[in-house]
There are 2 protein chains.
Amino acid sequence: MTIETAIDRLRQRFGQRLTTSEAEREAHGQSESHFPVTLPDAVVYPESTAEVAELVEICAAEDCPLIGWGAGTSLEGHGLAVRGGVTVDFSRMAQVLELRPEDMVVRVQPGITRERLNEELRATGLFFPVDPGANASIGGMAMTRASGTTAVRYGTMRDNVAALELVTAAGDVIRTGTAARKSSAGYDLTALFVGSEGTLGLVTELTLRLHGQPEAVSTAVCAFPSTGAAVEAVVEAVQSGLPMARIELVDAATAEAVNAYSNADFPALPHLFVEFHGAPNAVAEEAARFEEIARDNGAETIRKATEAEERSRLWHMRHSAYWAILASRPGSRAIVTDVCVPISRLAEAIAATQEDLAAEGLAGPILGHVGDGNFHAILLLDGSEAERAAAERVNARMVERAQQMGGTATGEHGIGMGKLKHMQAEHGAGWAMMGAIKRALDPRDLFNPGKVVPQEG
Amino acid sequence: MTIETAIDRLRQRFGQRLTTSEAEREAHGQSESHFPVTLPDAVVYPESTAEVAELVEICAAEDCPLIGWGAGTSLEGHGLAVRGGVTVDFSRMAQVLELRPEDMVVRVQPGITRERLNEELRATGLFFPVDPGANASIGGMAMTRASGTTAVRYGTMRDNVAALELVTAAGDVIRTGTAARKSSAGYDLTALFVGSEGTLGLVTELTLRLHGQPEAVSTAVCAFPSTGAAVEAVVEAVQSGLPMARIELVDAATAEAVNAYSNADFPALPHLFVEFHGAPNAVAEEAARFEEIARDNGAETIRKATEAEERSRLWHMRHSAYWAILASRPGSRAIVTDVCVPISRLAEAIAATQEDLAAEGLAGPILGHVGDGNFHAILLLDGSEAERAAAERVNARMVERAQQMGGTATGEHGIGMGKLKHMQAEHGAGWAMMGAIKRALDPRDLFNPGKVVPQEG
């Protein structure tokens with residue numbers, strides 16, 4: 001009963017779709033963030049639900065950990081094989097299985113990326129709205145309960161995953177949820193699995209809710225005299241009930257990094273990127289109301305885009321901001337923070353973060369999905385232990401402050417390796433309850449061990 | 001270790017707030033539907049979370065079942081003490097604890113009713129949208145994952161409960177969720193408890209999401225030549241993305257019952273009640289688009305109401321429909337069915353139900369929240385065993401058909417006593433997973449035993 005035996009058995013079954021090559025293991029031992037490379041013992045590429053069930057059975061019999069892998073874009077090291085084992089790469093399970101436009105749902109395999117899915121949907125008049133920036137896999141997005149720029153209007157993966165197919169620790173294939181809009185038929189297993197970071201089972205299919213492509217879209221970019229003024233505008237807009245489809249903050253440092261990276265010419269000021277979706281008249285009315293709120297809060301430059309090409313250019317710049325910030329200091333790695341607070345505390349949370357950064361002398365451009373109260377400081381690391389320690393202090397203070405404000409250590413990136421130490425403070429006895437659920441559904445700690453729940457011993 | 005000992009200990013602690021009187025036990029042994037009266041051994045009225053924790057500890061030590069009780073409006077016998085024990089009546093825990101209009105959340109105790117809550121919110125410009133018709137308690141609504149007329153726009157209790165405080169089987173008080181808009185910090189315990197029908201713990205506080213009272217509201221009632229035509233109009237409106245706040249079907253039999261009960265003069269035809277919420281221009285535009293769709297589907301009479309008084313009168317009639325149907329056959333009880341199907345199958349599901357009713361010679365007026373694909377046939381029972389058996393057959397066929405269509409046995413009423421027998425077919429191995437979760441969190445089957453999960457022995 002060893003990992004080695006499991007790998008031997010998997011090799012017999014999966015042939016060349018089981019690999020122990022150094023290169024493949026390294027590719028699946030990396031993280032997009034600052035965590036050390038941690039290699040799995042092998043990587044396997046299943047092609048069907050039945051194959052996933054088979055490999056779960058083999059690994060369960062041999063006590064070999066199984067770690068799901070989508071596009072490798074997570075930021076907290078969720079996919080790192082901290083106790084070894086086999087990484088299950090879903091890139092060969094990346095199909096659209098069934099599109100039902102009349103019910104506004106689509107059934108997909110977990111390996112499909114969100115960009116590919118939306119390409120396949122383009123002709124239908126529907127789209128899948130959840131947009132974390134990175135071209136993540138849908139399975140990975142479900143497992144981290146991802147959200148991003150459009151959650152303020154369309155919700156997170158919690159709201160947009162209707163049903164799942166998954167393989168349990170016993171190797172059973174089960175289906176959670178239905179294709180109906182709602183159900184009161186017992187415990188919400190779909191919601192339990194969304195955000196479970198692969199610790200309760202391996203998801204093999206997802207039924208997603210789709211939304212109509214909006215008739216009209218209007219994007220505006222406004223520059224503000226201060227981050228505080230920009231945040232005040234957001235809070236006013238949210239509280240007045242303006243139905244924003246996106247409302248994003250980038251601070252002055254981020255704007256400068258974007259200018260250098262994307263050859264843009266934003267003033268070196270904090271900006272809000274805002275977007276409205278809907279009927280043409282409604283969108284125009286809403287955009288005008290937002291402009292008024294922005295001007296009342298001192299917005300100095302207003303750029304508008306209703307044409308697809310210009311909008312796409314603006315959002316591409318916003319989505320490239322993380323890479324722009326990394327490029328602003330070549331060779332650096334980053335700790336990407338991810339707190340989320342009640343909107344009434346957002347201005348205070350951002351201001352206190354900026355004070356912490358100044359006090360530590362750290363570069364940490366701030367950007368975020370501020371309509372949800374969610375923001376990130378991208379803490380740039382030069383490799384020195386001192387800077388890393390300072391960044392860890394800033395991150396910890398952000399988390400503790402968010403928790404004290406009634407918020408959370410992670411708005412959308414998940415726990416992974418980085419946030420485990422904050423879960424006791426966040427959940428209290430609720431964290432032990434998560435552990436009890438994990439033990440009930442995965443008693444031998446087969447699925448992504450070392451993550452999410454309290455670790456024994 | 002007996003129920004008697006538990007009651008003795010509770011009497012010492014709670015004095016006159018623990019009662020074993022026949023009248024009180026009968027009041028908590030009734031159901032609004034067709035289930036036989038089933039008395040608890042006692043009823044207790046806690047006044048605080050600490051008291052709930054105390055009574056859980058006493059009952060856990062004595063192996064005495066605990067059944068939560070809100071307003072007693074559930075339709076599947078959720079609150080019936082099928083294994084005896086103590087009913088925990090939350091009517092003395094019915095306060096608004098904290099209103100945070102700037103974050104659009106309110107923290108309440110479980111015993112507050114939805115009408116009382118909205119009265120307390122009236123001056124704030126905010127409201128709590130979930131509207132199951134009955135003046136249910138918020139705690140009960142959370143436990144059945146209730147929804148109702150507004151779910152098509154505002155979602156169900158799943159979407160509108162942000163956080164919970166609850167007492168576990170060990171007597172621990174835990175908090176799930178935060179006041180932030182979103183979080184990726186581990187398993188979604190809030191979603192797990194919403195819809196759990198009191199089987200995993202006793203909820204002592206809820207943090208609810210509020211919504212802005214709409215600037216303008218427009219209600220319309222349209223009469224259609226057939227149920228099929230009305231449903232087609234709904235399907236078209238949903239698929240065209242019209243943001244309806246409410247879209248309700250009542251069939252011809254229901255319209256006639258409402259006429260008699262509410263002194264109204266609806267034509268003896270199927271009707272849709274539709275409502276739009278938003279900015280005045282948008283609402284007017286949307287209502288006009290709906291009218292067009294209705295007329296294209298043969299709508300014959302159109303009544304409109306933008307004034308609050310007339311709207312309130314219309315919705316009062318809609319909400320009284322269940323009582324109107326009961327009154328249409330004095331002395332009768334009812335089986336209230338509750339299936340939900342993908343919207344593409346709605347017309348077929350309703351038509352097949354009508355055929356079943358005709359074949360059995362049963363009276364079963366149909367109404368429902370058709371924008372969600374959710375509808376109810378109110379199966380009237382005269383007390384004869386033959387009619388009851390026929391009604392059970394119709395209900396079972398409705399459920400099986402909904403499940404075959406990819407829908408659910410219960411859209412919003414929950415499992416309770418009535419739907420337990422359909423859960424294996426609905427969930428397959430997922431039902432055993434629910435049982436594993438129940439055993440992990442409530443190993444001695446303390447909370448509402450006999451409900452939701454597979455029953456042993």
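1. The side chains of B:Asp63 and B:Arg444 form a salt bridge, with 3.2 Å from N to O. B:Asp63 sits in the loop between helix 3 (49-61) and strand 3 (66-69) of chain B, and B:Arg444 in the segment after helix 17 (429-441) of chain B, so the pair ties together parts 381 residues apart in sequence. B:Asp63 is partly exposed, at 34% relative accessible area, and B:Arg444 is partly exposed too, at 48%. The model is predicted.

2. Another salt bridge in chain B joins B:Arg397 to B:Asp356, where the closest N and O atoms are 3.3 Å apart. Because B:Arg397 lies in helix 15 (residues 385-404) and B:Asp356 in helix 14 (residues 346-360) of chain B, the pair ties together parts that are 41 residues apart in sequence. B:Arg397 is partly exposed, with a relative accessible area of 30%, whereas B:Asp356 counts as buried at 12%.

3. Over all chains, 78 salt bridges are found. One of them is between A:Arg9 and A:Glu62, whose closest N and O atoms are 2.9 Å apart. It links distant parts of the chain: A:Arg9 is in helix 1 (residues 3-14) of chain A and A:Glu62 in the loop between helix 3 (49-61) and strand 3 of chain A, 53 residues apart. A:Arg9 is partly exposed at 35% relative accessibility; A:Glu62 is buried at 9%. A network of salt bridges also links A:Arg13, A:Arg17, A:Glu47, A:Glu51, A:Glu54 and A:Arg92.

4. Chain A is divided into domain 1 (3-91), domain 2 (94-212), domain 3 (216-324) and domain 4 (329-404). The centres of domain 2 and domain 4 of chain A, taken over C-alpha atoms, are 30 Å apart.

5. Chain A has an open sheet of four strands in the order 1-2-4-3, with mixed pairing. Its edge strands are strand 1 (18-19) and strand 3 (66-69). Strand 2 (residues 42-44) and strand 4 (residues 86-89) of chain A run parallel and are joined by three bridges. A:Ala42 stands opposite A:Val86 in strand 4.

6. Helix 9 (residues 227-239) of chain A has 13 residues, which at 1.5 Å a residue should span 18 Å; its end C-alpha atoms are 18 Å apart, in agreement. Its buried residues include A:Ala229, A:Val231 and A:Val235. Among the elements covering the buried residues of helix 9 are strand 13 (246-250) and helix 11 (280-296) of chain A. After helix 9 comes A:Gly241, with a positive phi near 80°.

7. The structure holds zero disulfides over all chains. For A:Cys64, the nearest cysteine sulfur is that of A:Cys59, 4.1 Å away. A:Cys64 counts as buried, at 0% relative accessibility.

Conventions. Residues are numbered from 1 along each chain as its sequence is written. Chains are lettered from A and ligands numbered from 1 in the order in which they are written. This is a predicted model: local features need pLDDT of at least 70, side-chain atom pairs count only at pLDDT 80 or more; totals for chains, interfaces and linings use all residues. Side-chain values use heavy atoms; hydrogens and water are left out. Domain bounds come from an automatic or database domain assignment. Two strands pair if DSSP finds at least two bridges between them. Helices (H or I, at least four residues) and strands (E, at least two) are DSSP runs, numbered from the N terminus. The expected span of a helix is 1.5 Å times one less than its number of residues. Buried means under 20% relative accessible area, exposed over 50%, partly exposed in between (1.4 Å probe, protein chains only). Contact means heavy atoms within 4.5 Å. A disulfide is a pair of cysteine sulfur atoms within 2.5 Å. A salt bridge is a side-chain nitrogen of Lys or Arg within 4 Å of a carboxyl oxygen of Asp or Glu.
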